[in-house]
Amino acid sequence: MLDVRDVTVRFGETTVLDRAAISVGEATITGLLGPSGSGKSTLLRVIAGIVTPDAGRVVIDGVDVTEVPTHRRSVGMVFQDEQLFPHLDVGANVAFGLRMAGVGSAEREDAVAGLLGLVGLDGFARRTVDRLSGGEAKRVALARSLAPRPRVLLLDEPLTGLDRALRDRLADEIETALRATSTTAVWVTHDADEADRVTDRVVHLGDL
Amino acid sequence: MKRLPSITTAVTTAVAVAVALVAVSACSGDEPDTITLLAYESFPSEPDGPIALALDEFTEQTGIEVEVVISGDTGTMLSKAALTAGNPEADVMWGVDNTFLSRAISTGVFEPYEAVELDAIPAEFTSLVPNAEATPVDFGDVCVNYDISALVNDDVEPPTTLADLTLPQFAGKLVVENPATSSPGLAFLLATIAQFGEEGWEQYWQQLRANDVEVVSGWSDAYYSEFSGSGGDRPLVVSYGSSPPFEVIYAEPPLTEAASGVVESSCYRQVEFAGILSGTDAPDGARALIDFLVSERFQREVALNLFVFPVNPAVELDQAFVDFATIPDSPITIDPILIDANRTEWIERWNAAVLR
Amino acid sequence: MDRALERRRAPLNGLPRWFVAAVAVPPAAFLLLFYVWPFVTLLARGLGGADVAATLSRSDTWRILWFTTWQATASTALTIVIGLAPTWAVSRFDFAFRRVFVSTLTAVFVLPTVVVGAAFLAVLPDALDRSIWAILGAHVAFNLAVVVRTVGSAWERLPSDLDHAAAALGAGPFTTFRLITLPLLRSSISASAAIVFLFTFTSFGVIRVLGTAGRPTIEVEVWRRATQLGDIGGAATLTILQLLALGGLVAWTTVQQRRHAIAIRGEAPRRRPRPVGRQIAHVTGAVGVTTLIVAAPLLALVERSLRSGDGYSLAAWRSLGNNEIRPGLRLGVDPLGALQRSATTAVWATLFAMVIGATAVVAISALGRTGKVLDAGLMLPLGTSAITIGFGMLITFDTPPVDWRAEWWLVPIGHALVATPFVVRSALSVVRTIPADRAAAAATLGASPVRAWANTTLPALRRPFAAAAGLAAAISLGEFGATSFLTRSGSDTLPIAIERLLGRTGRLFQAQAFALSTILAVATIGIVLLVDRGGDRARRS
């Protein structure tokens, strides 16, 4: 359902991605593994449309989206450092994508409550985001990305900065949430254990 | 990496430069036997002109140098003098006229002095300053002037009254001075107030405004830049009854007929004064200069250089001046007391009627 | 025991008290004598007598207040709206001439108001010359740097991934700007709006050059009343009215700032990306249009200085020493003399500002709470309009033994009052970054406190002082408001000479004014670029 074909990205003189290709099936979780600097994040950003490739195509559901801007791709993304909107509360952060999709406010509120329940944050809707713990912030970011039901969800090292025990627990919870919503996901990590634990298939970036 | 000069070097350099500059500027001024004459901007200040030559004679007689400093228009010059009263910018001021005189006296700008030859000056002038706060030096009439050939070209008869100026054929043709800053400007405003009365003058000015009157800040701007007689494009200007002889005498090639005419019924009598600025540090020199300014020697330069009439009756006027200057039989005047009481309010109301 | 504690509390590792006291006296005395006293005199004059009632009952007063307010509001709004595009470009991207671009905007901000006014007079067609559009244009060009610098420093700390997060959730660029960027920039935008409003509300030079006599700001009306009508009391009352309006504004923005403060934790990126794809066009557009707004008027200055008759010539430049209206009749403006006088004044003003500023910095950093009072006090002239400063000094120093109206140093002192805050600010920010340990380390090596201070703090102050001196000179060269009151006939500074020449209708005079403006602009821009580059070097090293 997601096809990345021969994507090349150069930053000045350095070639970050050289004819990278990857194919991801419907409702699967694909792990993207590689050392730092191997271009994992860049590949995610190409899929999301944040970085324009110098060559190659990105195809989602058979449609070439290489020229389509991010906000029309229906691609969700969980950033390494969450990027929650600091001026909005938790509920408004989660509801943001729904608001963009034109969902009515009553419906939004129900959806937000459901998503917060899914990520184990019942009753957090009115909290301000700068009061959240590291783990809570990750969950809010996940809930926010799932809300508009993206065709592909991209997770960019979603568990960095947490301690080991929390990482394992959160990894399982995220997997559960992704499976519960049948979301197609690409999960970038540099941790082989983490990749093995939650993904259906692991792709090493060197292998592309 | 190139380094910025160190702070010590910078300060040392700055001090050195400053001291040098001050030393240079100090060399040029402030000897005790120099006095400064402050004058409005249409006062001739060329180094070799007749006025300067006359002042040189004063220096020869008394050993006192005179430096002429040109200030702004009369109103600005006087306000500055009021703000600096007691510690003046100069020793003697030339050119406060009867429209501004009361303000100068009430703000204590002048130190009273009776000139040696004061008795020779007609009482109609000296009576304006009973306490001798200032000394009358010249008089003239502020009148609307017109450029004869420009009006002929437009096939328009010259105006004969103030009211004529609002007629459509004079639309866009008149330039006046701002009464807040210029003494002929104020004199012309007073003329219109005398003519149309307390009730009617604002309406008259609104009509002038509708007729596209132009307002500039001073006489030299009006006369030398806007008046068609000197290259501008407005054939009507508020100037002096003695302006036409100027055009005749200084024309190249010489003229035998005046190029400009005067609307006699618009004339407002203006008397100009010189005075010793209070707080001067050279009071003796200042008194000597006042004496000199009303003496026959200086007064005979007044007509052909300032284009006003000397107050000293001993002066014989140039024939061209006599032939072409207008001295109206009954110029408009307003009681100085009335002017003093209303000047600020009139100017404000004029501002509201004309500039806004 | 107590004394030991006391000593420990003194920062800068205990500079001796006599030293600190000796150093605190000059700035404190300077402030009290030349700022506080004239200010109080002005207040007393404005509040006394019938002037308050007379001023408040004049319908003119309210009309002028209204015009002042609305032109300032319009100028502020326009500056923000136009300024956001270049701010976006410089805070998000790296591009050729980015640094030069920002420095140029800063230089324009430091340009003398009279020169900016002259520049807009030069660039606009005659029909717009004395219109509100000219005033707004000059205000915008002048204050763009405030927006670009203030909002820019907040914007570059906003992670660009925040935009990407919004985009991934389906928000288009404009929606992202409206719902994410704008709310997060809100407090920096209102801060810069307050500054721009302050500057345009008290606009004097620009209005003197570009306004009409019938449409003054409060600032211009104060000047007109005092120097043309001789109405000192009324002018002083208007000054107080202006102070009240500004005080209200400051209070309101402080409350607003507090209410809308959102902590942004990000830091400015080490490297900004180069624009790609469509961004190239947008960045080029934003930077290009802004450059046009700022640079076109300045180029027009040069062009108009070469146009004194038909066609181009150097006539105006050649005749700078001479301004005869007609043979024998002179204007009383001496451009070359003004040039020399401005240079001398700038040197002295810089010197005064440096001495006062340097002693103040030492005193402030050594004095704790008293130091804070001195610091705040020295900042006051910055928030006070130039007119207030000059007018206050003129009516205070007019009676013996303090009749100083004719003293040559009065004008440079007035300039120094305006320039000192810059010296203090730039030096203090450096002093505060010097770790106290460094002085302590020197002390443990046996250096006396004064010696330790001389060895650790003083060298670090070299650069900020050099930069501040440049800025002080630039401020003095262009100062117009206070000078309009303090200058005396026959001793005009450059900005005064420019304004007087511009007020004349002759083309040669206009061209001479533009030539002098060009000289002043080049000098100011040169100084600012030099200071800015010096600052960069210091940061990099």
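Phe79(A) counts as buried because 23 C-beta neighbours lie inside 10 Å; a residue is termed buried if 20 or more other C-beta atoms, placed from the backbone, lie within 10 Å of its own, exposed if 12 or fewer, and partly exposed in between. The structure is a predicted model, in which local features need pLDDT of at least 70, side-chain atom pairs count only at pLDDT 80 or more, and totals for chains, interfaces and linings use all residues. Residues are numbered from 1 along each chain as its sequence is written, while chains are lettered from A and ligands numbered from 1 in the order in which they are written.

Phe79(A) sits in the loop between strand 6 (75–78) and helix 2 (90–100) of chain A; helices (H or I, at least four residues) and strands (E, at least two) are DSSP runs, numbered from the N terminus. Leaving aside neighbours within four places in sequence, Phe79(A) is in contact with Ala141(A), Asp156(A), Asp161(C) and Ala165(C), a contact being a pair of residues whose C-beta atoms, placed from the backbone, lie within 7 Å.

The contact between chains A and C takes 20 residues from chain C and 20 residues from chain A. On the chain C side, helix 9 (160–168) and helix 10 (173–201) each supply at least two residues, and helix 9 gives the most, with six residues. By class, this side has 14 nonpolar, five polar and one charged residues; Ala, Val, Leu, Ile, Met, Phe, Trp, Tyr, Cys and Pro count as nonpolar, Asp, Glu, Lys and Arg as charged, and the others, Gly among them, as polar.

Helix 10 of chain C also has a kink of about 55°, centred on Arg186(C); the bend is the angle between axes fitted to the seven residues ending at a residue and the seven starting there.

Back in chain A, four strands form an open antiparallel sheet in the order 2-1-4-5, where strands pair if DSSP finds at least two bridges between them. Strand 2 (14–24) and strand 5 (63–64) stand at the edges, each with a single partner strand, so one side of each is left without a neighbour in the sheet. Two bridges join strand 4 (residues 55–60) to strand 5.

No contact joins chain A and chain B, whose closest C-alpha atoms lie 28 Å apart.

Note on methods
Two residues are in contact if their C-beta atoms, placed from the backbone, lie within 7 Å.
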